[in-house]
Amino acid sequence: MTEPDFGNVQPVDVLNLKSLEKRAEAVIGRGEFGYIVEAADDGYTKWRNMNAFKDVHMLPRVLQNVENPDQSTTFLGEKLSSPLLTAPIAGNSLAHPSGELGLAKGAKEAGIMMAQSTFASKTIAETAQVSAGAPYMFQLYMPKDWGYCQYLLDEARQANARAIILTADSTLGGYREMDIMNHYHLKGKIANLAGYNTGESGAGAGSLFKESMQKLNLGLIEKLANYAQLPIIIKGIQTPEDADAAIKAGAAGIYVSNHGGRQLDGAPGSIECLPAIAKVVDHRVPVIFDGGVQRGTHVLKALALGADLVGVGRPFSYGLALGGWQGVKSVADHLKMEIYIAMQLTGCQTIEDVKKMQCTTSFEI
Ligand code: FNR
């Protein structure tokens, strides 16, 4: 098997994750950068995602005899070096030519979980060549053609996906003005359409998905689980009611997310939704969280409020843009360093200790 082409790669010197956005803007095309950075409407929910972390306060313990904290954990039986996930992002070749190959290699080298989007710019099989042996999940946008859905699920199973993440918050795309101003559209860049005779070109992706995406319902969970024979995790859960209903309908995991503020603007910050959901889930299934994570302390706050795995979206895209797979690893390494410091300073030796940490919040739990 020939080694995939990872393009130009280099480690990225990371001061903090926030500072990567400006640096990435300088190396990504205007339309592509706009697509990654943008949010829906006025960007309130995206802003809230990041700022609501300030309303969570950790109560650090001292004299806990902590030395060299261990942030390794397991998720769905997979051993991870840190409770981190590269959140599923469409079209990673927008950031770097290696696209999902670079993301997969960076995640693998960092020992963290990767999730690949249905709308990826490399096929599942291409990505699997790189992610082989590493923790990997596939994110499904529900196509209206069940045959195409089966094809995606078959490919994901062959790629050794540990779970299927069904994204439920995107029954249509949020209103995102940057794409309009930049005349930018992702269509034509979706590799997973190439391997199946859908009767449509990449440009037809919208019509391939539109109808079925608008009709997502609880019954789908069992249908997908029965066919895929894999755990089904529901992404885009923002209320305890939906979390409970999804679990009762067979969901094997709950993914708390508002899509990085790209869908419904006006929703609360994702971290504000987490405690009430975790309470209702009550450890019946694992919980994934994402939205606005830029600091090690954000990861700790999410774990303390009920998450088992923490997704990071845009910062990994910026790392990929700046250094290919090595840039992805640099971002993960930096975040791990911040997590290490935060664990030591809160008196947490293990991730289990972090999950037991007391936090106060200004919002209702
Ligand atoms: C996304 N997200 C996303 N989610 C998903 O389920 N399928 C997808 O294809 C995409 N595509 C996508 C593209 C881009 C450019 C972004 C920024 C986001 C949402 C993603 O998985 C995650 O929920 C957010 O990115 C988390 O927020 P942060 O970490 O970017 O603040």
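## Cores and buried residues in a predicted model

Leaving aside its neighbours within four places in sequence, leucine 274 is in contact with Val256, Val287, Phe289, Ala302, Leu305, Gly306 and Ala307. The structure in which these contacts are found is a predicted model. Leu274 is also one of the residues with the most contacts inside the largest nonpolar core, a set of 102 residues in which Phe138, Leu140, Ile164, Ile254, Ile271 and Phe289 are likewise listed for their contacts. The largest share of this core comes from helix H13, which spans residues 314-346 and supplies 13 residues. Apart from this core lies another, of 13 residues, including Leu80, Met137, Ile288 and Leu309. In soluble globular proteins, nonpolar side chains tend to be buried together.

At the level of the whole protein chain, the secondary structure consists of 14 helices and 12 strands. The radius of gyration is 19 Å, close to the 21 Å that the globule rule gives for 365 residues, and the chain is therefore as compact as a globular protein of that length. Along the principal axes, the C-alpha atoms fill a box of roughly 65 × 45 × 45 Å. Among contacts between residues at least 6 apart in sequence, 76% join residues at least 24 apart, and 58% of the 365 residues count as buried. The accessible surface comes to about 15,200 Å², with 51% of that area belonging to carbon and sulfur atoms. As for charge, the protein chain carries 33 positive and 38 negative side chains, and the centres of these two sets lie 1 Å apart.

| Residue | Relative accessibility |
|---|---|
| Histidine 334 | 8% relative accessibility, buried |
| Threonine 73 | 9% relative accessibility, buried |

Histidine 334 is found in helix H13, the helix that gives the largest share of the 102-residue core. Its contacts, with neighbours within four places in sequence left aside, are Val14, Leu15, Asn16 and Leu17. Histidine 334 and asparagine 258, which are 76 residues apart in sequence, lie 25 Å apart in space when taken from C-alpha to C-alpha.

Threonine 73 lies in strand E2, which covers residues 73-75. With neighbours within four places in sequence again left aside, threonine 73 is in contact with Glu78, Lys79, Leu80, Ser82, Pro83 and Ile351.

Key:
Residues are numbered from 1 along each chain as its sequence is written. This is a predicted model: local features need pLDDT of at least 70, side-chain atom pairs count only at pLDDT 80 or more; totals for chains, interfaces and linings use all residues. Side-chain values use heavy atoms; hydrogens and water are left out. Helices (H or I, at least four residues) and strands (E, at least two) are DSSP runs, numbered from the N terminus. The radius of gyration is taken over C-alpha atoms; the globule rule is 2.2 Å times the number of residues to the power 0.38. Buried means under 20% relative accessible area, exposed over 50%, partly exposed in between (1.4 Å probe, protein chains only). Contact means heavy atoms within 4.5 Å. Accessible areas come from the Shrake-Rupley method with a 1.4 Å probe; for residues, only the protein chains shown count as cover. Lys and Arg count as positive and Asp and Glu as negative; His and the chain ends are not counted. The place of a charge is taken as NZ of Lys, CZ of Arg, CG of Asp or CD of Glu. A nonpolar core is a set of buried Ala, Val, Leu, Ile, Met, Phe, Trp, Tyr and Cys residues joined through side-chain atoms within 4.5 Å.
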